[in-house]
Amino acid sequence: MIELVGVGKTFNPGRDNEFHAVREVSLSIEAGRVTALRGPSGSGKTTLLGLIGGLTRPSVGRLRLHGRDISALPERFLTALRRDTFGFVFQQFQLIRDLSVLDNVMLPAVPTGRPHADIRARALRLLDEVGLGRRAAARVQWLSGGEAQRAAIARALINDPPVILADEPTAHLDSALSRQILEILAELRRCGRTLVIASHDPLVFEMDLVERVVDLRDGRVLA
Amino acid sequence: MNTWIERQRGLIDTTVANLRRRKARNLGLLLAYVLLVFLLASVVLFGDGMRREARLLLEEAPELVVQRLTAGRHDLMPAQWLERIADLRGVAAVEGRLWGYHHDAAVGANLTLQVPREAAPAAGRVHLGATLARLRGLAPGDVLSLRDHAGQPHAFVVEALLDSRSELVSADLVLLGEADFRAFFGIAAGLYTDAALRVVNPLETRTVAEKVLARLPATRVISREEMRRTYDAVFNWRQGLPLMVLSVLLAAFALLAWDKASGLSAEERREIGILKALGWDSGDVLAMKLWEGALLSLLAFLLGYTLAWLHVYYAGAPLFEPVLKGWSVLYPHFALAPEVDISRIVSLALLTVLPYVAATLVPVWRAATLDPDEVMRE
């Protein structure tokens with residue numbers, strides 16, 4: 001489904017602080033499965049996840065989605081692809097302060113032009129599904145870490161994307177909350193979604209969730 | 001089309017939610033903006049109102065006024081000249097007018113004494129402008145005492161006060177009979193201050209003026225159109241002073257808007273990064289920021305314009321009255337007739353809304369084209 005061929009990402013190329021975050025990664029991610037990117041901090045997990053999801057463009061190499069090269073797509077098309085194909089769960093939740101939980105969840109659907117009532121209804125249903133139905137009107141800064149991550153998952157699902165990219169989804173949570181979040185992700189897999197999880201949390205790998213592990217170190221995939 | 005409308009609705013909803021989030025900052029900006037629009041609109045509305053009043057008054061004025069010149073100065077006109085003008089083809093009627101100025105030491109102002117065309121007061125009686133009556137504390141039945149050209153006191157009984165609706169031109173006016181006028185100024189019979197002409201065909205006014213000048217070269221001919229232009233010029237000049245100051249304020253405000261939009265905080269940049277990561281393209285971010293600017297500036301315009309309208313038409317524009325009406329001892333009290341001029345509203349809106357939106361456009365475009373990954377890593 002998603003194929004990376006010799007993909008590399010270099011930050012500040014040609015400068016003193018040039019940094020190769022990802023080097024010559026070739027990888028296939030199969031539809032409907034859970035793939036985990038594992039490695040210590042600075043191994044390139046987040047950058048690789050960003051490359052897969054079209055948040056950033058590769059410096060070298062090719063990315064293919066369903067066989068179609070998306071590495072050089074114009075920004076407009078890449079954005080539309082990102083919106084329709086990928087749901088992101090970020091490490092720091094990346095919710096927008098002072099907006100309600102409901103408003104945050106609805107945000108990715110705003111540019112789609114779907115009827116407001118439909119978006120709102122779906123957002124409320126998703127919040128119910130992740131156990132936040134009663135917190136819909138609360139401002140996000142009032143949420144606990146576990147609630148914020150569940151809100152982020154609901155937001156990732158608002159456009160019903162086939163692929164969920166989760167960056168350290170349990171990083172700021174205790175074991176009990178981490179298990180809750182992983183249960184939700186497992187449910188997404190059962191619904192047939194493709195999951196790519198970047199994590200170095202052992203709990204993620206202990207649970208019967210991950211089907212394939214890709215180990216990374218210094219931006220390279222370990223054999 | 002429906003998708004586009006729903007998308008814009010979603011963007012507006014998000015924009016409104018965003019504006020509510022930063023209440024203090026946006027409220028401060030809104031207040032500054034409202035104040036600026038209010039000041040600008042007050043000056044423009046007041047100037048427009050004054051010009052409109054002047055035009056309405058000039059509708060009753062003669063098409064041409066002929067004044068005799070001696071050594072380039074206005075001089076009294078003999079009655080025979082009126083007959084020579086009346087002979088000219090195209091002249092419908094000629095009338096000798098009697099008017100003059102008198103310095104009233106009691107109020108320290110120049111009064112205009114005039115003999116009206118119709119319904120002149122009886123001998124020893126006058127009609128007074130409302131402003132002068134107010135300043136002198138006179139009411140009908142009281143006596144107005146003035147010293148004539150020879151320094152002798154003349155006592156006139158105030159018969160009536162002039163309609164306060166005409167206060168713009170009647171503030172300093174004293175209407176009196178012809179005999180009293182001639183006696184007061186020492187003007188012999190057969191001499192007039194100037195001549196008022198009515199022409200047969202208003203389209204031929206210019207031609208008639210040329211004929212008058214040809215027949216009586218020692219005259220000055222003033223058309224109603226020239227008087228209207230003079231009024232316009234006076235009010236334009238007066239209006240220009242505050243407008244110049246306000247345009248500097250407007251430029252400063254545009255700079256403030258630019259600064260606000262370009263000096264995006266780390267938090268705002270991060271939020272734009274999040275939106276882009278979630279599937280908003282640069283156009284969506286730009287549209288949201290433009291909606292933000294448009295909503296803020298339109299709200300400020302509506303509030304500022306409405307306040308200015310009330311300030312000018314109901315409160316008498318106390319902030320700008322001295323500048324726009326002119327400095328005067330005899331200060332007229334009059335209310336401008338309320339009017340809603342759509343073209344003026346549109347031009348004011350463009351003048352105030354466009355600079356704000358334009359000033360925010362480039363910085364917002366820069367922010368909207370940020371790479372989401374890069375911003376979220378900051």
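Me: How many residue pairs are in polar contact between chain B and chain A?

Reply: A polar contact is a pair of N or O atoms within 3.5 Å; within protein, one must be able to donate a hydrogen and the other to accept it, and residues adjacent in sequence count only if both atoms are side-chain atoms. Between chain B and chain A the count is 9 residue pairs, both at pLDDT 80 or more. This is a predicted model, where local features need pLDDT of at least 70, side-chain atom pairs count only at pLDDT 80 or more, and totals for chains, interfaces and linings use all residues. Residues are numbered from 1 along each chain as its sequence is written, chains are lettered from A and ligands numbered from 1 in the order in which they are written, and side-chain values use heavy atoms, with hydrogens and water left out.

Me: How many salt bridges cross the interface of chain B and chain A?

Reply: Side chains of opposite charge can pair when their charged atoms come close. The rule wants a side-chain nitrogen of Lys or Arg within 4 Å of a carboxyl oxygen of Asp or Glu. It finds 2 across the interface of chain B and chain A. One pair is D284(B) with R83(A), where the closest N and O atoms are 3.9 Å apart. Over all chains the count comes to 25.

Me: What does the salt bridge between R139(A) and D98(A) tie together?

Reply: Start with the distance: 3.5 Å, N to O. R139(A) lies in the loop between helix 4 (116–129) and helix 5 (145–157) of chain A, and D98(A) in the loop between strand 6 and helix 3 (101–106) of chain A, so the pair ties together parts that are 41 residues apart in sequence. Now check exposure. Buried means under 20% relative accessible area, exposed over 50%, and partly exposed in between (1.4 Å probe, protein chains only). R139(A) is partly exposed at 31%. D98(A) is partly exposed at 25%.

Me: Are R22(B) and E271(B) buried or exposed?

Reply: Both are buried. They form a salt bridge, with the closest N and O atoms 2.9 Å apart. R22(B) lies in the loop between helix 1 and helix 2 (23–58) of chain B and E271(B) in helix 9 of chain B, so the pair ties together parts that are 249 residues apart in sequence.

Me: Where do D194(B) and R97(B) lie?

Reply: D194(B) lies in strand 12 (residues 194–199) of chain B and R97(B) in strand 4 (residues 91–97) of chain B. Their salt bridge puts the closest N and O atoms 2.9 Å apart. D194(B) is buried, at 0% relative accessibility. R97(B) is partly exposed, at 23%. Elsewhere, salt bridges that share partners join R83(A), R7(B) and D284(B) into one network.

Me: In what order do the 6 strands of the open sheet in chain A run?

Reply: Two strands pair if DSSP finds at least two bridges between them. The order is 6-7-8-3-9-10, and the pairing is mixed. Strand 6 (86–89) and strand 10 (220–221) of chain A each have a single partner strand, so one side of each is left without a neighbour in the sheet. Helix 2 (residues 75–85) of chain A packs on the sheet, touching strand 6 and strand 7 (163–167). Strand 9 (residues 212–217) and strand 10 of chain A pair in the antiparallel sense over 2 bridges. Strand 6 and strand 7 of chain A pair in the parallel sense over 4 bridges.

Me: Which way do the residues of strand 6 of chain A point?

Reply: In a regular strand the side chains alternate between the two faces of the sheet. F86(A) and F88(A) point one way, G87(A) and V89(A) the other way, and all are buried. F86(A) stands opposite V163(A) in strand 7 of chain A.

Technical notes
Contact means heavy atoms within 4.5 Å. Axes are lines fitted to C-alpha atoms, for helices over the stretch in contact, and angles run from 0 to 180 degrees between N-to-C directions.
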